[in-house]
Amino acid sequence: MKQYLVIGLGRFGTSVAKTLYSAGEIVLGVDTNEELVQDKIDNNILKNAIIGDASDEKLLKNIGAENFDVAFICIADIEASVMIALNLKELGIKTIICKAITKIEGKVLEKIGATKVAFPDETVGIDLAFEFLKPDVTEHLKFSEKYRIFEFKVPKRIIGKNLIELNLRKKYEMNVIGIKRESEELRISLLPDEKILENDMLLVIANVEKMIQFNKEYLEN
């Protein structure tokens, strides 16, 4: 299980932290605003969150920032973002995702070594967190904030089972709309007793949050 550090718990940072924490990941939130930190804990958005200035290298060392796999810098202050990013790089964090307000800020953050720059929007925050939770899943189309089309190779645990047995619609709000087999075209006329074979690719419409759950239970094992 990876560990995620989310610095800045405003709208954008909260959407990142909430998505990761809801998926059962280890997440530590950091913000200078005591009310924001307490709100995340009180509303069970995060279990672990601290009050502090992450641009202070001592704080990063005290929280063991070097042990985190991915850090999200979700604050609006470009100077602070730059300092935090530089300190995290020195501590050895390889994946650093930074929020930027303008394209110029984005270029600055990229030049100092940000792995990725994202522009603030709650939806982007959810999508950004989701990228780290579904490495084996390809997202094809966004219908709404709740439902998307995804494609993925079938996990071993469902090979040999049919669609009735899997009951994906009830368990995960997931509808299988197509199966692509080796040397075959995509088939979209599927019967309920259709068996899943090894190396099948499934095309599904799914609830985003349920897809995260499915990913954790099947695709990561």
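What follows is a walk through the fold of this chain, from the overall picture down to a few single residues.

The model is a predicted one. Taken as a whole, the chain holds 9 helices and 10 strands. Its C-alpha trace spans about 60 × 35 × 30 Å along the principal axes. Of the 221 residues in the chain, 46% are buried.

Next comes the parallel sheet. Six strands make up an open sheet with parallel pairing, and reading across it gives the order β3-β2-β1-β4-β5-β6. The edges are taken by β3 (48-51) and β6 (116-118); each has a single partner strand, so one side of each is left without a neighbour in the sheet. On average, and ignoring direction, neighbouring strands here are turned by 15° against each other. For a look at one pairing, take strand β1 (residues 3-7) and strand β2 (residues 26-31), which pair in the parallel sense over 5 bridges. Within that pairing, V6 has G29 in β2 as its bridge partner.

Helices pack on this sheet too. Helix α2 (residues 34-42) touches β2 and β3, and its direction makes about 165° with that of β3. Helix α4 also packs on the sheet, where it touches β1, β4 (70-73) and β5 (95-99). The direction of α4 makes about 170° with that of β4.

Is K40 buried or exposed? With a relative accessible area of 7%, K40 counts as buried, because the cut-off for buried is under 20%. And what is K40 in contact with, once its neighbours within four places in sequence are left aside? The list is L9, T14, I45 and L46.

Helix α4 has a helix partner as well. The axes of α4 (residues 78-91) and α5 (residues 103-111) come within 10 Å and cross at roughly 15°. That angle makes α4 roughly parallel to α5, because angles under 35 degrees count as roughly parallel. The crossing of the two helices is right-handed. On the α4 side, the contact is made by I78, S81 and V82, while α5 brings in E105, V108 and L109. Sorted by class, the contact has 4 nonpolar, 1 polar and 1 charged residues.

Strand β10 (residues 201-207) is joined to strand β8 (residues 147-153) by 7 bridges, and the two run antiparallel. In this pairing, E151 stands opposite L203 in β10. Strand β9 (residues 174-180) is also joined to β10, by 6 bridges, and that pair runs antiparallel too. Here V176 stands opposite V204 in β10. How many of the 7 residues of β10 are buried? The count is 5, which leaves the strand mostly covered.

Key: Residues numbered from 1 in each chain as written. Predicted model: local features only at pLDDT ≥ 70, side-chain atom pairs only at ≥ 80, totals over all residues. Heavy atoms only, no water. Axes fitted to C-alpha atoms, helices over the stretch in contact; angles between N-to-C directions. Helix = DSSP H or I, 4+ residues; strand = E, 2+ residues; numbered from the N terminus. Parallel < 35°, antiparallel > 145°, perpendicular 65-115°, else oblique. Left-handed = near helix turned anticlockwise from the far one by under 90°. Contact = heavy atoms within 4.5 Å. Nonpolar A, V, L, I, M, F, W, Y, C, P; charged D, E, K, R; others polar. Buried < 20%, exposed > 50% of the residue type's maximum accessible area, 1.4 Å probe, protein only. Pairing = 2+ DSSP bridges.
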